[in-house]
Amino acid sequence: MAFSSTHNRNPLGRNQHGYVLKATDPVLQEALYEYHRQLITNDKLISELLMADHNINMKPRTVQKRRMELGLQSSRKTLKLIDSNEAEQLVIDQMDLDPAKNMGPRKIRHKISMKTGIHLPRDYVADTMRIHDSKGFEKRHPKAKLIHRATKVNIGNDIFDNPGLPASSASQSSTNYHNSTPLPTSESVRSSAPRQLRSMAFRTHPWSRNDVKMDNYKFTRFNAVYQADGNVTIDAGFTANLDTIEITNDWGRGQTLWKKSDPQHFKCGFLGCGSTKHAIYARYQGKEYALVQPYDNQMEPSEARRILKAELQLLAQCDGIKKVFDQYVEESENVCRRFRASIGSFYFNFEGSFYGELEPLSASGKKSLPHIAFLATPMLPSGRYDEPIKKFTGSDKIGPAYDMMTKTIHAYVHFAFIYTRGSILFCNMQGTKDRNGRMCLINPHAHTYV
C-alpha cells in the first residue's frame, strides 16, 4: 500500500496526554490575561493557579506557548518594542494620580500593569520617577518620618536681655546665673519687664524672587463677574482710591536674556513670552502675580484694552462653566466614582485675576512699561526647574487622551459646548501644577459662533 503524506492517522488529536485547551479558548484567555495584569509571569505558578482556580490541567511548557501566542511579553521585551515616549507617559500618568507621593516604583509598576496590561521593568519605572519627582523618594524614605531628638540646654535669660552677646559668653553667663542665683518664681516672672527677643526669630516674606528690584505703580483695578445668563461683566473695584502694584523694573534686560535662551532672565523678573504677549513679575497685596501685556509697542491703547479684557472675560467664562460642570457631575447618577473624583483635579487661574489700567506714565514717573492696560493673574511655579506647560487640547484638533486628567478636561470641553448650545468651543487647554500639585489651566482660547 502506497504511503500518503496527507493521511492523518489521528484526526481528533486524541492521545495518552488528554485534551489541552487552545489559546483561543475564552476561559483560558481571560485567566492568562488576569494573571498577566497581576504581574504573575512564572509559568509553573500559572500552571498551578490554572488548576486551583479553573480546574485546567496545563503543563508549564504549554503555559509558556499559550502566553506567547496571546502576545503576553516580559517587561524587558516590552520595553524594546514600545515607544519610549509612550512608556514614559504611562509612568507620568500614574504619578499624576498620586499627588501625595505615597506610591513607590513597585506600586506604580503594578498600577500600570493592572490598568493597561503593559509590563515595564521596575528599574525603568524608578529612573523615570526620579527624573520627574526626585523629592518623592526622599519623602518615602524609611527614615523620613523619624523624630530627630537633641539635647536641650537652658540658655538662661541673658541671651534675651543682651541680644548682641556672643553665644560662648551667653552660655558662660547662663551658667554663672544658675550657680549663684535661685530660680525665679512665677510671680517674679510676671512682674518683670518684657524680655527682648532676638532678631533671628523673624524672617522676611518668602518671595520666589527676592533679588528682583521693584517699582510702585498706581492703577485702577477692574474685576470680571460671570453672570447666570453666561455673560461676563467687567466693573471697577469698590474702592474709589487708586491701588498700588509692584512691578519689576529690569524686565527689559530679562526679555533680551530670554531671547538668547539664558535662564538668568528669571532673576530680572521676565517670566516669558508667547506669540503676542509677554509676562513679567509683579506683587500685589502680599501675593505674586504675572503681569501680562502685548509686546507690540506700536499697538493702539484701545486695541490693547480690548484684547486684555477679552482674555479676562474668557477666563471668567471658563471658570463659571467649570463650576456648573462640577455641580452636574456631583448630582449625576451615571458618572463613575473615578471620574467624579477627578473633576476637582484641575481649575482655571481666575480667582484673584483682574484687569488694570496704570496711572498715566508721566504722572507715576515710570516709563518702562509699553502699555497702560495690563492683565494680572496669580503667579504659578515658573522657575527653570519647575514643570513645563502641558497641553491637553490643540487649537483646531482636540487630540488623544491617554491619562485621566486629559480625559476629564476633554469631557469638560464637550460639556461646555453642549451647555452653551454650540456657541462656544474651548480650545488650547493648557496649564501647569500649582504649589499644591493641582493642575491650573491658563490662557484658554475659544471658537465662538453667533
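In the predicted model, confidence in the protein chain is highest in strand β9 (residues 373–378), at a mean pLDDT of 94, and lowest in helix α10 (residues 167–180), at 41. Here pLDDT is the predictor's confidence in each residue, from 0 to 100; helices (H or I, at least four residues) and strands (E, at least two) are DSSP runs, numbered from the N terminus. The chain averages a pLDDT of 79, and 78% of the residues score at least 70. Over residues 155–181 pLDDT stays under 50, and the model has 26 contacts beyond four places in sequence for this stretch, a contact being heavy atoms within 4.5 Å. Residues 183–206 also stay under 50, with 14 such contacts. Where pLDDT is low, the predicted coordinates should not be read in detail.

The protein chain contains 16 helices and 14 strands. Among its 450 residues, 36% count as buried, that is, under 20% relative accessible area (1.4 Å probe, protein chains only). Of the contacts with a separation of 6 or more, 63% are between residues 24 or more positions apart.

Isoleucine 56 lies in the loop between α2 (43–54) and α3 (60–69) and is buried, with a relative accessible area of 8%. Beyond its neighbours within four places in sequence, isoleucine 56 contacts Leu21, Val27, Ser47, Leu50 and Met51. Its C-alpha atom is separated by 8.3 Å from that of leucine 28, 28 residues away along the chain.

Residues are numbered from 1 along each chain as its sequence is written. Local features need pLDDT of at least 70, side-chain atom pairs count only at pLDDT 80 or more, totals for chains, interfaces and linings use all residues, and side-chain values use heavy atoms, with hydrogens and water left out.

Technical notes. Buried means under 20% relative accessible area, exposed over 50%, partly exposed in between (1.4 Å probe, protein chains only).
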